[in-house]
There are 2 protein chains.
Amino acid sequence: MTTTSARRLRLVLSQLVEPGDPRLVALLRSHSVGEIVDAAIHGRPLSGSVLPEAWRLRAPGVLDRTAALAGRAGQLGVRWVCPGDDAWPERLVDLDATAPISGTTGAPLGLWTRGTARLDELVARSVAIVGARAATTYGSDVAMDIAGDVADAGHTVVSGAAYGIDACAHRGALALGAPTLAVLACGADVDYPRAHAGLLQRIAAGGLVVSEQMPGQTPTKGRFLSRNRIIAAITGGTVVVEAARRSGALNTLNWASELGRVAMGVPGPVTSQASVGVHQSLRSGQSMVVTSGAEVIEAVGEIGATDATLEWSPSTALDELQRGSRIVLEAVSARDAEPTEVIASRISCATDDALTVLADLCAAGWVEQVGSGWRLRRRADLSPGQQGHTVAR
Amino acid sequence: MTTTSARRLRLVLSQLVEPGDPRLVALLRSHSVGEIVDAAIHGRPLSGSVLPEAWRLRAPGVLDRTAALAGRAGQLGVRWVCPGDDAWPERLVDLDATAPISGTTGAPLGLWTRGTARLDELVARSVAIVGARAATTYGSDVAMDIAGDVADAGHTVVSGAAYGIDACAHRGALALGAPTLAVLACGADVDYPRAHAGLLQRIAAGGLVVSEQMPGQTPTKGRFLSRNRIIAAITGGTVVVEAARRSGALNTLNWASELGRVAMGVPGPVTSQASVGVHQSLRSGQSMVVTSGAEVIEAVGEIGATDATLEWSPSTALDELQRGSRIVLEAVSARDAEPTEVIASRISCATDDALTVLADLCAAGWVEQVGSGWRLRRRADLSPGQQGHTVAR
């Protein structure tokens with residue numbers, strides 16, 4: 001059996017089984033993907049196990065459908081990534097050892113991805129930021145801030161694509177030019193919600209939009225629940241920013257906790273219904289209090305350090321720079337002197353504000369003025385405290 | 001040695017030692033109060049121990065000063081309560097077994113009290129609610145709400161008398177006609193801050209204003225710190241509502257935690273500086289998240305149940321009454337029919353509002369109209385579900 005056919009077999013089986021069906025985990029403990037596919041298509045018996053009837057009923061024509069789907073994938077802008085591929089994130093296997101929550105569990109047979117980033121690299125250091133659709137201004141601001149800080153520290157922000165906290169988490173990271181990952185409950189090619197078509201496009205441009213569901217599939221309540229386990233499993237930790245009493249975000253937090261990932265909650269006013277679910281999880285001890293991106297990074301730190309493929313080595317001097325100054329500094333080219341307007345537009349800030357910060361950075365010896373433009377000072381010119389600064393992203 | 005002289009000896013010693021001096025705890029392990037007083041006044045050696053020089057320097061004339069103070073106490077409106085008195089709260093002894101925090105520890109030699117309530121009964125079921133002077137509107141509202149619910153459940157609210165959260169905690173309970181306890185860092189007869197003279201008067205009218213300091217003493221930073229240990233030790237648990245990074249309220253929480261009392265924190269917006277200290281204590285695991293008075297009562301429940309000298313046995317039917325209705329109901333006399341105005345003024349509510357509630361309570365069979373007044377229906381007249389209702393406060 002070649003590697004290609006192993007990938008193809010997983011794709012075939014993924015069309016027979018609803019993602020997250022716990023019966024698949026059980027069957028895969030004693031049978032290969034090929035044996036299960038054979039049993040479904042050709043009726044070959046599985047020693048000691050019974051194949052669910054629903055899978056057999058979906059089997060007729062599945063090989064043709066798979067071939068057609070594989071042929072159409074490029075057109076749809078999606079790719080099939082699965083175990084055995086270099087880009088497969090190994091940590092998803094933890095799902096195979098976790099008891100079902102809301103009737104779903106197990107590592108996905110594969111994921112459909114839309115975008116050009118490499119999945120394993122994208123999630124090697126990553127944090128899920130999820131929460132209420134009906135977010136308050138407070139929650140939205142906090143989600144964007146934390147996402148910005150998490151991205152700034154070199155971790156990928158992972159979320160769904162819902163209104164509210166999910167969208168804010170992506171926006172907070174995208175605003176810094178950092179890639180993000182969206183995990184959908186519908187096909188990876190489907191823009192859901194419709195109003196987020198632009199957001200999903202921007203996510204796919206630098207990061208990835210992924211789904212366990214077949215291309216073209218629509219989201220259902222059950223698919224949101226099974227999707228949540230992927231968000232929790234693919235990241236080093238999950239932060240919930242605002243969640244009402246029965247919010248789906250609490251389901252993701254539950255998964256994070258069961259999977260041994262870092263489960264975190266951002267408190268809010270006790271007078272806000274949008275924070276009730278977060279406070280419940282904090283009170284139960286299921287999640288820990290975090291109040292900033294720095295605290296999130298600290299909490300997932302060890303996991304990030306172990307899996308890290310991206311390096312970020314700030315010097316002490318750089319640490320001391322205000323966050324605003326760092327954002328501006330990182331937008332300054334080391335090669336070409338560029339005008340203030342260009343640098344300002346790169347980070348979406350007002351030209352006047354950028355100018356003020358650049359003048360300060362120049363005075364402090366980080367950048368130099370060349371004609372009407374700004375450029376990073378060369379390393380040889382830096383003071384010893386500043387030389388440790390390496391932007392390796 | 002008579003009981004009277006034991007009380008007087010404590011009063012003498014309390015004038016030689018700064019409250020909370022940890023050296024006193026150490027000396028009292030091997031010497032009696034009388035031996036320490038003798039050593040200070042007459043220079044009698046303490047076997048195996050050295051008397052602090054500062055105590056000896058304050059000794060000349062202390063017996064005369066004590067007699068004068070005892071004579072003046074009635075005029076000042078304060079009383080000396082100490083171990084051995086029926087009104088002494090036994091749980092303060094826990095301080096003798098607790099290591100110093102900020103250089104202070106030990107059970108107080110006694111407490112000066114202003115007001116007519118009995119100290120031990122007042123604190124038998126009690127919760128400290130403390131927090132930032134520079135409270136936000138959010139914190140002030142939450143403090144008043146929690147204090148109201150705590151008082152409504154029959155627990156005494158204990159706090160300092162500072163601006164901000166302390167004052168709101170008292171006000172939330174006083175608004176329901178419930179007694180509260182203020183522990184001061186100055187003399188119990190001193191109105192500090194001046195602007196709270198009226199508040200302190202209202203506290204003393206139904207509850208108590210107490211202090212370990214001599215009457216007339218002014219507050220100092222050190223006295224606030226030693227005062228905090230009394231607040232934490234005299235209650236079943238401490239709730240912090242808003243505390244900035246280095247707030248004194250965190251010191252009280254630290255005491256509660258060290259004393260094995262329930263340490264609680266009310267979260268707030270992570271964007272609020274006034275909640276930073278609370279979130280720090282929650283993150284460190286020193287305190288637990290609480291978001292309502294009901295959660296506070298639940299947390300201190302076992303301690304309250306064990307120490308309870310006051311009984312509150314609401315029936316199921318009473319439980320079902322809205323809180324507003326219960327407040328009105330508890331203001332209605334069982335003996336004399338009183339006009340709506342009298343009942344309304346007793347609970348500081350508008351006459352029209354009281355009338356609406358009284359009419360409902362009458363329809364439900366809780367009260368009866370006699371002439372132009374209202375009176376509780378006699379127990380024999382109550383339905384079985386209502387008979388369990390006993391207001392024992």
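Predicted model: local features only at pLDDT ≥ 70, side-chain atom pairs only at ≥ 80, totals over all residues.
**Entry 1: α10 and α11 of chain A**

I started with helix α10(A), residues 221-234, and helix α11(A), residues 248-258. Their axes come within 8 Å of each other and cross at roughly 45 degrees. That angle makes α10(A) oblique to α11(A). I also looked up the handedness, and the crossing is right-handed.

Next I listed who makes the contact. From α10(A) I noted Phe224(A), Leu225(A), Asn228(A), Arg229(A), Ile231(A), Ala232(A) and Ala233(A). From α11(A) come Gly248(A), Asn251(A), Thr252(A), Trp255(A) and Ala256(A). By class, I have seven nonpolar residues, four polar and one charged in this contact.

**Entry 2: where chain A touches chain B**

I then turned to the contact between the chains, which takes 15 residues from chain A and 14 residues from chain B. Which elements of chain A give two or more residues to that side? I found α7 (137-152), α12 (276-284) and β9 (288-289). The largest share, three residues, comes from α12(A). Sorted by class, the chain A side holds nine nonpolar residues, five polar and one charged.

**Entry 3: a look at α12(A)**

With α12(A) on my list, I checked burial along this helix. Gly277(A), Val278(A), His279(A), Ser281(A) and Leu282(A) are buried.

Key: Residues numbered from 1 in each chain as written. Chains lettered and ligands numbered in written order. Axes fitted to C-alpha atoms, helices over the stretch in contact; angles between N-to-C directions. Helix = DSSP H or I, 4+ residues; strand = E, 2+ residues; numbered from the N terminus. Parallel < 35°, antiparallel > 145°, perpendicular 65-115°, else oblique. Left-handed = near helix turned anticlockwise from the far one by under 90°. Contact = placed C-beta atoms within 7 Å. Nonpolar A, V, L, I, M, F, W, Y, C, P; charged D, E, K, R; others polar. Buried ≥ 20, exposed ≤ 12 C-beta atoms within 10 Å, placed from the backbone.
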